[in-house]
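Welcome, and please open your viewer. We will go from one selection to the next.

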Amino acid sequence: MVIDNIGLLVTNEAEGELSNAWMIIEDAHVVDTGTGSAPDADRRIDAEQRCVIPGFVDSHTHLVFAGDRSAEFAARMGGEPYEAGGIRTTVHATRAASLESLRGLATARLAEAHRAGITTIEVKSGYGLTTEHEIASLQVARSLTDEVTFLGAHVVPDEYAGRADDYVRLVSGAMLEAAVPYASWIDVFCERGAFDEEQSRTVLEAGRAAGLGLRLHANQLGPGHGVQLAVDMGCASADHCTFLSNEDIDALAGSSTVATFLPATEFSTKQPYPDVRRVLDAGARVAISTNCNPGSSYTTSMSLCIALAVREMGLTIIEALRAATLGGAAALRREDVGWLGAGSRADLVILDAPSYDYLVYRPGVPQIASTIIGGVPV
Ligand code: NIG
């Protein structure tokens, strides 16, 4: 197949952008790109001079949940603070939902993410918090994506109130053992009101021993040890990074841990936007993700996240686009996505615009004309 008549092609390779470009796709992968008149092919998609970008790589979502927390959001907009405890509201609703209804809800959210241009997505468990309910969530997540994360350590459930260490033992023991067949990652919410540094380390070490890759919710609600723990443990990603000290930034810059920022979370929780410019200038790898979840960020709009990262976090538009594509891929330790060139997956977006600037220039106006995954329009 050939996609031709591309006005502007963003490859994320050394040459960056090609004008009047074409792309050849075979067996779900890009075989070649070039400019001028396109080679012949069996099938052709005419991009009509619009801009083509790599599909968004969303490396942080919580798509599997039931229930509604819009009232909590509305109260926050009226001045109430965001608290980790709201997670338990979703836990009650998720435990009460049938497997079919959870699957239906999550599948609809995945379709929404595809329409928003997301072509690779990470999905976490974390609203079940019993072995049975976490496994159900992981099964649903597994039916949506290969990038599945076990987040049994999301918050201490009510039935373990005052016995957090017992819950940590369960998460790092029997629950982890049951989760391993479905997950490739393990994550912990390392925060006041969730799990402290030592408990987080215990869970991450158990996950690593079980063969899972590591990621961490770090420094979301206040300064803390999360980012440095993530770097110390060699996590693929430290996520949120809302409150960063100079030491945190130095640690990230000297590591292979990606700093993943979630701008829609600051928007939805009215927290301060972190200064991503400083982090990038220090030499750290950065990613942007949606954090789609019912409590702190109920959106699949990567375009909104890019716009916020540009407007509020100090990135240029191309830096934000790279963070939402190549950055997300690095946060998932993937080399086949987030760029477009010979050997990459054919995961891409045709924008309804002549340039990616429109993702920010036209805030709130959908700019995704077509999402193509593995060479197939979805
Ligand atoms: O990444 N921080 C922990 N987990 C989610 C929030 C979950 C919730 O409030 O339901 C997050 O923001």
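**Around the ligand**

Begin with Y82: one of its polar side-chain atoms is 2.4 Å from an oxygen atom of the ligand, a polar contact (a pair of N or O atoms within 3.5 Å). This is a predicted model, where local features need pLDDT of at least 70, side-chain atom pairs count only at pLDDT 80 or more, and totals for chains, interfaces and linings use all residues. Residues are numbered from 1 along each chain as its sequence is written, and side-chain values use heavy atoms, with hydrogens and water left out.

Now select R69, which places a polar side-chain atom 2.6 Å from a ligand oxygen. For N291, the distance from a polar side-chain atom to an oxygen atom of the ligand is 3.0 Å.

Next, show the whole shell: 15 residues surround the ligand, and R69, Y82, Y127, Q220 and S296 are the closest. To be near, a residue needs a heavy atom within 4 Å. The shell holds 4 nonpolar, 10 polar and 1 charged residues, with Gly counted as polar and Tyr as nonpolar.

**An aromatic pair**

Finally, select F65 and Y298. Their ring centres are 5.6 Å apart and their planes at 70°, so the pair is edge-to-face; rings pair if their centres lie within 6.5 Å, and planes over 60 degrees apart count as edge-to-face. The whole structure has 5 aromatic pairs.

Methods:
A polar contact is a pair of N or O atoms within 3.5 Å; within protein, one must be able to donate a hydrogen and the other to accept it, and residues adjacent in sequence count only if both atoms are side-chain atoms. Rings of Phe, Tyr and Trp (its six-membered ring) pair if their centres lie within 6.5 Å; planes under 30 degrees apart count as stacked, over 60 as edge-to-face and the rest as tilted.
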